[in-house]
Amino acid sequence: MTSPIKPASWSYAEAFVGEDEVLAAARSRAEEVGVAPIGPGGGAALQFLASVLEARAVVEIGTGTGVSGLWLLRGMRADGILTTVDIEAEHQRLAKQSFSEAGIASQRARTIPGAALDVLPRLTDGHYDLVFCDGDKTEYGAYLTEALRLLRPGGVVAFDNALWHDRVADPAQRDEETVAIRELGKQVAEDDDLVAVLLPVGDGLLAAKKVWTPEAGD
């Protein structure tokens with residue numbers, strides 16, 4: 001095994017794809033309202049995934065002030081639509097401001113206020129290329145169930161905070177959020193219909209591809 005990554009190398013990797021003034025402004029708004037957005041390394045990974053998938057339809061759970069949404073939209077196709085869900089309407093107002101500052105057409109970001117587990121069942125089965133989850137950590141298992149229904153074969157689900165401040169790797173940590181994220185990781189890793197990876201970017205990004213099966217169709 002290789003030696004653990006040193007802090008300087010981790011910081012270098014996190015900043016490898018830089019953030020512009022629009023992302024910096026969105027991140028500043030997040031700090032003002034007490035939202036913890038995805039870090040630059042995780043954001044760059046989301047942009048990469050959206051680009052590789054040539055994503056046209058993406059679901060985001062946890063709009064925040066638009067930091068992760070900006071990364072996703074920048075990786076998506078020019079005609080792609082982001083459907084983003086958040087329980088805080090004020091946060092979504094700030095996200096719209098971020099999207100506008102980035103020159104993103106209003107019709108490309110569909111914001112839906114409400115609890116994720118109330119909204120997701122109303123979305124179309126098998127329609128989405130990517131589902132990004134950054135909401136209530138205790139609901140991550142339920143988000144996975146919904147995401148697998150929403151994704152097309154070959155689509156990807158991703159979860160932020162998959163390392164949860166170094167708590168997930170420590171078996172002594174048994175709080176509700178840590179246990180939920182740890183169980184999610186086990187479920188994803190053991191599912192033969194998923195191809196998974198846990199990336200040590202930011203606070204951890206867990207991603208899994210939904211494998212095509214004959215039952216799923218083309």
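A salt bridge is here a side-chain nitrogen of Lys or Arg within 4 Å of a carboxyl oxygen of Asp or Glu, and by that criterion the structure, which is a predicted model, holds twelve salt bridges.

View 1. In the salt bridge between Arg77 and Asp79, the closest N and O atoms lie 3.0 Å apart. Arg77 is partly exposed at a relative accessible area of 30%, and Asp79, with 41%, is likewise partly exposed. The pair of Arg77 and Asp79 belongs to a network of salt bridges that also links Arg56.

**View 2. The salt bridge between Asp134 and Lys137.** Here the closest N and O atoms of Asp134 and Lys137 are 2.8 Å apart, and both residues are buried.

View 3. Thr111 is placed in strand 3, which spans residues 109–113. Because buried means under 20% relative accessible area, Thr111 counts as buried at 18%. When neighbours within four places in sequence are left aside, Thr111 is in contact with Thr84, Gln92 and Lys96. With Lys96, the side chain of Thr111 also makes a polar contact of 3.5 Å.

**View 4. Helix 7 and the elements that cover its buried residues.** Helix 7 runs over residues 140–150, and its buried residues are Tyr140, Tyr143, Leu144, Glu146, Ala147 and Leu150. The cover over these buried residues includes strand 1 (57–61), helix 6 (116–119) and strand 4 (128–133), together with strand 5 (151–160) and helix 8 (176–190).

View 5. A pair of aromatic rings is described by the distance of the centres and the angle of the planes. The structure holds three aromatic pairs. In the pair of Tyr140 and Tyr143, the ring centres are 5.9 Å apart and the planes stand at 50°, so the pair is tilted. These two tyrosines are three residues apart in helix 7, and about one helical turn therefore separates Tyr140 from Tyr143. Tyr140 and Tyr143 are both buried. The rings of Tyr140 and Phe159 have their centres 5.0 Å apart with their planes at 55°, so this pair is tilted. Since Tyr140 lies in helix 7 and Phe159 in strand 5, the pair ties together parts that are 19 residues apart in sequence. Both Tyr140 and Phe159 are buried, and Tyr140, Tyr143 and Phe159 form one aromatic cluster.

**View 6. The largest pocket and its lining.** The largest pocket holds about 470 Å³ of space. Helix 4 (67–75) and strand 2 (81–86) each supply at least two residues of the lining.

Conventions. Residues numbered from 1 in each chain as written. Predicted model: local features only at pLDDT ≥ 70, side-chain atom pairs only at ≥ 80, totals over all residues. Heavy atoms only, no water. Buried < 20%, exposed > 50% of the residue type's maximum accessible area, 1.4 Å probe, protein only. Helix = DSSP H or I, 4+ residues; strand = E, 2+ residues; numbered from the N terminus. Contact = heavy atoms within 4.5 Å. Polar contact = N/O pair within 3.5 Å; in protein donor to acceptor, adjacent residues only side chain to side chain. Phe/Tyr/Trp six-rings, centres within 6.5 Å; stacked < 30°, edge-to-face > 60°. 1 Å grid on protein atoms, 1.4 Å probe; cavity = no way out; pocket = protein on both sides within 12 Å on 5 of 7 lines; lining within 4 Å. Points joined across faces, edges and corners; volume = space filled by probe spheres on them.
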